Amino acid sequence: MSDTTVPVIEIFGEPGAYAIQGEGMYAGTPSVFVRTFGCNLKCCFGLDKHEKDQWEKTVKSYADKYNCLEDLPVLAKGCDTYYSIFPEFRKFTKDYTVDEMVNEIKWRTENFSSKIDLVITGGEPLLPKHQVFWALVFNQIDELIYLNNYNQNIFNITFETNGTYELVFDTDGYNYININFSVSPKLKNSGQEYIDTINPKAIISYDNGCHDMWFKFVGGDDSIVFEIENVMELYGLDGIPIYIMPEGGTKEEIDKHQEVIYNICSECGYCYSPRHQVSIMGNGIGI
């Protein structure tokens, strides 16, 4: 038994009510999501510098204003999972031990009869301490599958990461687990600087030929085309699938941007990514 823990803000997707992946390569796939707490970035999509300061002050106030995570408001702009990044929301989390997380995942997935994706998201799920935790979880699950005490069908695992942290554990040491990386590098529209968001060494550590990896960018106009080309040149990688999603935390914001993003993908040969959790479900906690 390990005393290593990780703070989790929400887990959703369970027998009879699986979540559906809304974005990227596995859009439409039945999934179980584990959202870890904590992030090294504070993205503010659609906001200028002055709006960003007020936005941050407002969302932090929600931690005292609301007593239940599910009552937190959905925001059209900024980070749509703001409750997973600011310390004020730490009170809504639960610290899971390795054994607790293995059991939590097991009951949500073991009776599923076909492929299901376990999505580890955030916040930023590849914070170094979190990686140590997941390595221990995967060791247990891999052993359970080996002993025929676990459903082997599910173990497709996707980390949804901002791509800033290098791997600190060996993701190839498992017999039954396939680990993928959905990387969302943050462009200028996130309110972040490249020095904080672009780390080629991290991307290289994911791309060792044993994993599926794809990039998932967010945009609202054709200015992102040059940025994407520039970022890919900084990474020095070719042949990685590129998805672009329309910017927005609400259906109305998605609708404003989806046509221009669709056309960019058509003209440039990128993959268009929907955001089903926003356009169909309206976004929110546990969606």
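Which residues point one way from S5, and which the other way? Asp117, Val119 and Thr121 point one way, Leu118 and Ile120 point the other way, and all of them are buried. Buried here means under 20% relative accessible area, with exposed over 50% and partly exposed in between (1.4 Å probe, protein chains only). Strands and helices are DSSP runs numbered from the N terminus (helices are H or I with at least four residues, strands are E with at least two).

Before going further, a word on what you are looking at: this is a predicted model, in which local features need pLDDT of at least 70 and side-chain atom pairs count only at pLDDT 80 or more, while totals for chains, interfaces and linings use all residues. Residues are numbered from 1 along each chain as its sequence is written, and side-chain values use heavy atoms, with hydrogens and water left out.

**The strands**

Let's stay with S5 for a moment. Five of its five residues are buried, so S5 counts as mostly covered. Two strands are said to pair if DSSP finds at least two bridges between them. S5 pairs with S3 in the parallel sense over five bridges, and Arg35 has Thr121 as its bridge partner in S5. S5 is also joined to strand S6 (residues 156–161) by four bridges, and these two run parallel. There, Ile120 finds its bridge partner in Phe159 of S6.

Strand S1 (residues 5–12) is largely enclosed by the rest of the structure, because seven of its eight residues are buried. Four bridges join S1 to strand S3 (residues 30–36), and the two run antiparallel; Val8 has Thr36 as its bridge partner in S3. S1 is also joined to S4 by four bridges, again running antiparallel.

**Aromatic rings**

The structure holds 18 aromatic pairs. Rings of Phe, Tyr and Trp (its six-membered ring) pair if their centres lie within 6.5 Å; planes under 30 degrees apart count as stacked, over 60 as edge-to-face and the rest as tilted. Here are two of the pairs:

| Pair | Distance between ring centres | Angle between planes | Class |
|---|---|---|---|
| Trp55 and Phe86 | 6.0 Å | 55° | tilted |
| Phe215 and Tyr235 | 5.3 Å | 15° | stacked |

Trp55 is buried at a relative accessible area of 10%, and Phe86 is buried at 0%.

Phe215 lies in strand S8 (residues 213–219) and Tyr235 in helix H6 (residues 224–235), so their pair ties together parts that are 20 residues apart in sequence. Phe215 is buried at 0% relative accessibility, and Tyr235 is buried too, at 4%.

Ring pairs also link Phe133, Trp134, Phe138, Phe159, Phe169, Tyr174, Phe181 and Tyr206 into a cluster.

Lys94 lies over the face of Tyr96, at 4.5 Å from the ring centre, and Lys188 lies over the face of Tyr194, at 4.4 Å. Tyr194 belongs to helix H4 (residues 194–197) and is buried, with a relative accessible area of 17%.

**Backbone details**

Most residues other than glycine have a negative phi, and most peptide bonds are trans. Where is the cis peptide bond? It joins Gly122 and Gly123, with omega of about 20°. Gly123 has its place in the loop between strand S5 (117–121) and H3. The C-alpha atoms of Gly123 and Ile85 are separated by 5.5 Å, although the two residues are 38 apart along the chain. Ile85 is in the loop between H1 and S4 and is buried at 7% relative accessibility.

Asn283 has a positive phi of about 65° although it is not a glycine. You will find Asn283 in the segment after helix H8 (276–279), where it is buried, with a relative accessible area of 12%.

Conventions: Lys NZ or Arg CZ within 6 Å of the ring centre and 35° of its normal.
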